[in-house]
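Me: I am new to this structure. Could you walk me through how to read it, one feature at a time?

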Amino acid sequence: MSTNEHESNHSAPSEDHLLEHLYDGIQEYDNPLPRWWLAIFWVTIFFAPLYILFFHFGPGMLEIERYDEAMMAATERQMAAILAMGEINENMLVGLMDDPSMMNGGKKVFVAKCATCHGMFGEGGIGPNLADDHWLHGAQLMDIYRTVREGVPAKGMLAWERQLRPAELLAVSAHVGGLLGSDPPNAKAAQGDQVVRVAPEPTAEGEEATVESEAGEIETTAADA
Amino acid sequence: MSVQIEQFSYDDAIVRRFTLVTFVWGVVGMLVGLIVALQLAAPIFNFSPLPWLTFGRLRPLHTNAVIFAFAGNAVFAGVYYSMQRLLKTPMFSKALSNLHFWGWQLIIVSAAVTLPLGITQGKEYAELQWPIDIAIAVVWIIFAINFFGTIAKRRERHLYVAIWFYIATIVTITVLHVFNNLVVPAGLFRSYPIYAGVQDAFMQWWYGHNAVGFLLTTPFLGIMYYFLPKAANRPVFSYRLSIIHFWTLVFLYIWAGPHHLHYTALPAWASTLGMLFSVMLWMPSWGGMLNGLLTLRGAWHKVASDPVLKFFVVAITFYGMSTFEGPLLSVKAVNMLSHYTDWTIAHVHAGALGWVGFLVFGMIYWLLPRLYQTELWSNKLAEAHFWLGTIGILLYIVAIYAAGLTQGLMWLAFDEEGYLKYADFVETTLRLIPMYWVRVIGGTAYLAGAVLMGVNMLMTWRSRPKPLQTPVHESPALSKTYIDHPEPASPLATSGTHVANVAYTLERFFRTTWHRKWERLPVKLTIMVAVAVIVASLFEIIPTFLIQSNVPTIATVTPYTPLELAGRDIYLSEGCYNCHSQMVRTLRAETERYGESSKAGEYDYDHPFQWGSRRIGPDLHRVGGKYPDLWHVRHMDDPRAITPGSIMPAYPSMLKTPLDFDSIPVVMRAHQILGVPYTDDEIAGGIAAATEQAEAMAVEVVVQGGPEGLEDKQIVALIAYLQRLGTDITKPEPVAVEEETGELPVEEVATTEVDHTEDAS
């Protein structure tokens, strides 16, 4: 473009050679192709075979390979998180309610996936109310976990194990468990039988006290919400 | 040789007419654009429960109006004005000119009627139904005959570069239009493309990308090459550059289509070719920009005072910007972020408002005094138009670039625990609303500018002399014989070594002295353009079609049930693809949000494909089974009752409008012709099967607590289709069933149908 600046000082650049072409008064200069233009054009042309060699026949990773790698890495990370959690049982689910990170994740999953049918606060809508003490498929945390995982296809409740990862299933089950007695606004009328949730058996390690106090906390936290 | 001087005069009446309709349809197209922009900012502007003015139906009207009516008529005005003068002859036939004009306007009117009625082929920018497509082909051929006839009787030996670009336009648009619109009709208002799934996607974007290339780029480059040097009164910067950038542009453009399909089920090699050719296209495109801007050397002082040149300079600048951005967006890593977002919309509007729009405005302001043989009524008003338009474009694109980046980044964002940061799609929509309002303001300014031009047109027309003069021109006829200027003899002719001779040949090739001869041989030039375009197309099309046998077929993928097929028709007709994709790309963020990535084999029966190009709402390929039927009923009736903040139009009429059961066999028959394995018995029992599935679904909706009486309404068919989407790959393999029973295939089909009903419930 430096030539351009230079030439714009003259109204008729002296080095330009005018061709004899004349179309309705339009003339054309015989200027060469700008060098930088030609250089970039050649670079883009030579880039093509190099790209193909590197990505299709060389060490470069194609989209699908990157995707598989990202999915593997994510699955491994999830598996590690699950293994770290130990065996899934009522005690373990109660324990999750103490884990702010899990409860936070559970709430996010609930808002994204469950709220459209069960309401933002579990008050019910297309699906039943999840915040009262009436239950269609069991009141225990393990019942909730099973219902979320396997769904109730006949009633339109999806088997979420197909869409959610294991940690998300656990987290959202714990979140639903924590809704009990939260008395959200616009609550849907109760469906199913009134069932009282039984606190889990103390584990062998003698965590009796902890478990009971946690069970008590459910109600307090829920009431606050 | 005796030279016979001939007298002739140009037909400017046709140019005046095309110029007028350019303005009229431009305002209509922009007005519809403004309405759809408002609809995205505030869904109340969808005017439901009326079904005709929803976003899904109006957006195709907007795109068709601005592309084919505004830009199309502007091209014709520019071509008819410039080619008569560049070839020193009136048009070949006044009758053909008039047929072309009225035919094209009739096509536009029929588009304006059919699109709001939901009559569509369901492919972007190729929405118009087959009878209109045939009319387009006929009118286009009339134009072509008139065009080449004019070339044949020209009095100018050589064709100027503008004419080459017009030739490329006529040839390529013909090929694109015909091959993307090959369909099997099912009545006057319905048809299904002969391609399915991946192949249809490939053909559609081969068409879609090159429609931009050969309807919004090449003819406007031709217009630039005529009107810019005329307005600036300066010679064109470089003849050689125009040759090189013309041929490279025409040849390379065709390959670039697959860059619209990165990370999809399209084979990786096609995606790579699309990207690499787009990158190569950068400099050929910039060749046009350079020849435009550098032609203004020594004329920049005129730009400050002449609104025509102001429009041209901004237009060419936007052309340069868009043609840099195009290759950038085609790079896979960038496309991952930009695709399906407003970034694409911003890119397109930089091109459409900036390049096409401003070039047209500049051209019209230059034409008005010449067409009406008087001064332009007000230069000041034209200046005002220029500034309003410029501010309008800037507001529009800055807001929409911001919207695109924002949403793209939000879709891909993970939190530190590995969950999607914005799992709820509507969160990413709500963030864009303020930017959508800025777009409305920008669009209003741009439209207001165009209205000012209308005032200027009217007043200039009123001050015309009556009657208008018809100037007579003179020129000698072309002699039958012509001797080309001899090529300079090689200095090495006798003594040079072999290598030196090769080098000299190459040097001559790059100096393009050979091209001068082609310019006086229009048939050869046209054939070479056709060869460039067709050969480049076949390089990609043939492997795409041969690969059909290589696309992994999925045993559990079966044809749609009759009811689902009827639902698919509603999906097409409502233009759902304008806001929803059906393609989960191979990105982890997409799998987390929507489900397993989409496979090529899942689309075997999709005539046409519905992958979409913009996600104003979420992807729908894995929506099947995600929500209960009742959720869909409530959501279609009032989306905001289910998803607060949703900007989807409400479709309450779908709960009341009866489903057209009678046409089901016709539609199935058309699909059978296309190779979908429906048996004659299935087609005969199509209505009964659809009724049965619809009744089962309606009962289920009532059980879930929903309204009664939906079994014969449109909504059940649409929900049946939605519930089917993307579910086939999770079905059990049918092979096992076959082996156990070893029964007739009829039973197998019956089993499959039961499966569908279960999925739907």
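Me: Where in chain A does pLDDT stay under 50?
Reply: pLDDT is the predictor's confidence in each residue, from 0 to 100. In chain A it stays under 50 over residues 1-12, a stretch with nine contacts beyond four places in sequence in the model. Two residues are in contact if their C-beta atoms, placed from the backbone, lie within 7 Å. Residues 206-225 of chain A also have a pLDDT below 50, with 26 contacts in the model beyond near neighbours in sequence. Where pLDDT is low, the predicted coordinates should not be read in detail.

Me: What ground rules apply to the model and its numbering?
Reply: This is a predicted model: local features need pLDDT of at least 70, side-chain atom pairs count only at pLDDT 80 or more, and totals for chains, interfaces and linings use all residues. Residues are numbered from 1 along each chain as its sequence is written, while chains are lettered from A and ligands numbered from 1 in the order in which they are written.

Me: Which helix of chain A has the highest confidence, and which the lowest?
Reply: Helices (H or I, at least four residues) and strands (E, at least two) are DSSP runs, numbered from the N terminus. In chain A, α2(A) has the highest mean pLDDT, at 96, and α8 (residues 208-224) the lowest, at 40. The average for chain A is 80, and 81% of its residues score at least 70.

Me: How many residues does each chain give to the contact between A and B?
Reply: Chain A gives 51 residues and chain B gives 54. On the side of chain A, the elements with two or more residues are α1 (2-7), α2 (35-56), α3 (63-85) and α5 (100-118). α2(A) gives the most, eleven residues. Sort that side by class: 30 nonpolar, 13 polar and eight charged residues. Here Ala, Val, Leu, Ile, Met, Phe, Trp, Tyr, Cys and Pro count as nonpolar, Asp, Glu, Lys and Arg as charged, and the others, Gly among them, as polar.

Me: How compact is chain B for its length?
Reply: Compare its radius of gyration, taken over C-alpha atoms, with the globule rule, 2.2 Å times the number of residues to the power 0.38. Chain B has 28 Å, close to the 27 Å that the rule gives for 761 residues, so it is as compact as a globular protein of that length. Its C-alpha atoms fill a box of roughly 90 × 65 × 55 Å along the principal axes. The secondary structure of chain B comes to 30 helices and four strands.

Me: Which domains make up chain B?
Reply: Domain bounds come from an automatic or database domain assignment. Chain B has domain 1 (7-462), domain 2 (485-520) and domain 3 (562-760). The centres of domains 1 and 3 of chain B, over C-alpha atoms, are 35 Å apart.

Me: Which backbone angles should I check?
Reply: Most residues other than glycine have a negative phi, and most peptide bonds are trans. B:Lys88 has a positive phi of about 55°. Its place is in the loop between α2 and α3 (94-114) of chain B.

Me: Is B:Lys88 buried or exposed?
Reply: B:Lys88 is buried, with 21 other C-beta atoms within 10 Å. A:Asp24 also has a positive phi, about 50°, but counts as partly exposed, with 16 C-beta neighbours inside 10 Å.

Me: Where are the cis peptide bonds?
Reply: One joins B:Ser48 and B:Pro49, with omega about 15°. Another runs from B:Lys466 to B:Pro467, with omega near -10°. B:Pro467 lies in the loop between α17 (433-462) and β4 (473-476) of chain B.

Technical notes
A residue is buried if 20 or more other C-beta atoms lie within 10 Å of its own, exposed if 12 or fewer, and partly exposed in between; C-beta atoms are placed from the backbone.
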